[in-house]
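Here is a short tour of one protein chain, written for someone new to reading structures. Keep the 3D view open as you go.

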Amino acid sequence: QVQLMESGGGLVQPGGSLRLSCTVSGSSASINAMAWYRQAPSKEREMVALITSDGSIYYVDSVKGRFTISRDNGKNMVYLEMNSLKPEDTAVYYCNAKGGNSWLRQGNWGQGIQVTVSS
């Protein structure tokens with residue numbers, strides 16, 4: 001059974017930092033792309049950052065210069081370092097991974113991890 005497990009969320013003040021981690025397990029296919037998404041209340045889910053197996057990286061404009069995505073291929077883990085956090089970064093964050101040609105997380109994405117930026 002494929003599992004993606006996020007950790008590291010919480011409450012932080014504006015300007016603060018958090019580091020999210022995600023472990024992918026149970027995939028029979030090699031993991032190529034890995035990504036972080038977020039969904040704020042009453043908003044659509046959006047891709048925040050993506051990293052491919054060859055190290056190519058994409059960030060949504062709103063987090064460029066503040067967030068850093070990285071991965072540990074040996075451990076099937078992906079990280080999101082979030083600095084200079086803003087209240088508008090408040091959302092439920094999810095990781096996803098592409099095994100072969102399919103994204104592992106589909107349909108109901110489950111709980112994710114809450115990040116709240118507030119004073």
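## A residue on the partly exposed side

Let's start with Asn-76, which counts as partly exposed because its relative accessibility is 26%. The cut-offs are these: buried means under 20% relative accessible area, exposed means over 50%, and partly exposed is in between, using a 1.4 Å probe and protein chains only. You'll find Asn-76 in the loop between strand S7 (67–72) and strand S8 (77–82). Its phi is near 50 degrees, a positive value in a residue other than glycine.

Ser-84 also has a positive phi, about 50 degrees, although it is not a glycine. Look for Ser-84 in the loop between S8 and S9. With a relative accessible area of 40%, Ser-84 is partly exposed.

## What you're looking at

This is a predicted model, where local features need pLDDT of at least 70 and side-chain atom pairs count only at pLDDT 80 or more, while totals for chains, interfaces and linings use all residues. Residues are numbered from 1 along each chain as its sequence is written, and side-chain values use heavy atoms, with hydrogens and water left out.

## The overall fold

How many helices and strands does the chain have? There are zero helices and 11 strands, so the run from the N terminus reads β-β-β-β-β-β-β-β-β-β-β. Helices (H or I, at least four residues) and strands (E, at least two) are DSSP runs, numbered from the N terminus.

The C-alpha atoms fill a box of roughly 45 × 30 × 20 Å along the principal axes. The radius of gyration is 14 Å, which agrees with the value near 14 Å for a compact globule of 119 residues. That radius is taken over C-alpha atoms, and the globule rule is 2.2 Å times the number of residues to the power 0.38.

Buried residues make up 40% of the 119 residues. The chain exposes about 6,400 Å², and carbon and sulfur atoms supply 45% of that; the areas come from the Shrake-Rupley method with a 1.4 Å probe, and for residues only the protein chains shown count as cover.

Now for contacts, meaning heavy atoms within 4.5 Å. Among contacts between residues at least 6 apart in sequence, 54% join residues at least 24 apart.

## An aromatic trio

Which residues form one aromatic cluster? They are Tyr-37, Tyr-94 and Trp-109. The structure holds two aromatic pairs. Rings of Phe, Tyr and Trp (its six-membered ring) pair if their centres lie within 6.5 Å; planes under 30 degrees apart count as stacked, over 60 as edge-to-face and the rest as tilted.

The Tyr-37 and Trp-109 rings have centres 4.9 Å apart and planes at 80 degrees, so this pair is edge-to-face. Because Tyr-37 lies in strand S4 (residues 31–39) and Trp-109 in the loop between strand S10 (102–103) and strand S11 (113–117), the pair ties together parts 72 residues apart in sequence. Both residues, Tyr-37 and Trp-109, are buried. Tyr-94 and Trp-109 have ring centres 5.7 Å apart and planes at 85 degrees, so they are edge-to-face. Tyr-94 sits in strand S9 (residues 91–99), so its pair with Trp-109 ties together parts 15 residues apart in sequence.

## A meeting across the chain

Ala-29 is in the loop between strand S3 (18–25) and S4, and at 31% relative accessibility it counts as partly exposed. Ala-29 and Gly-99 are 70 residues apart in sequence, yet 5.0 Å apart in space, C-alpha to C-alpha. Leaving out residues up to four places away in sequence, Ala-29 touches Gly-99 and Gly-100.
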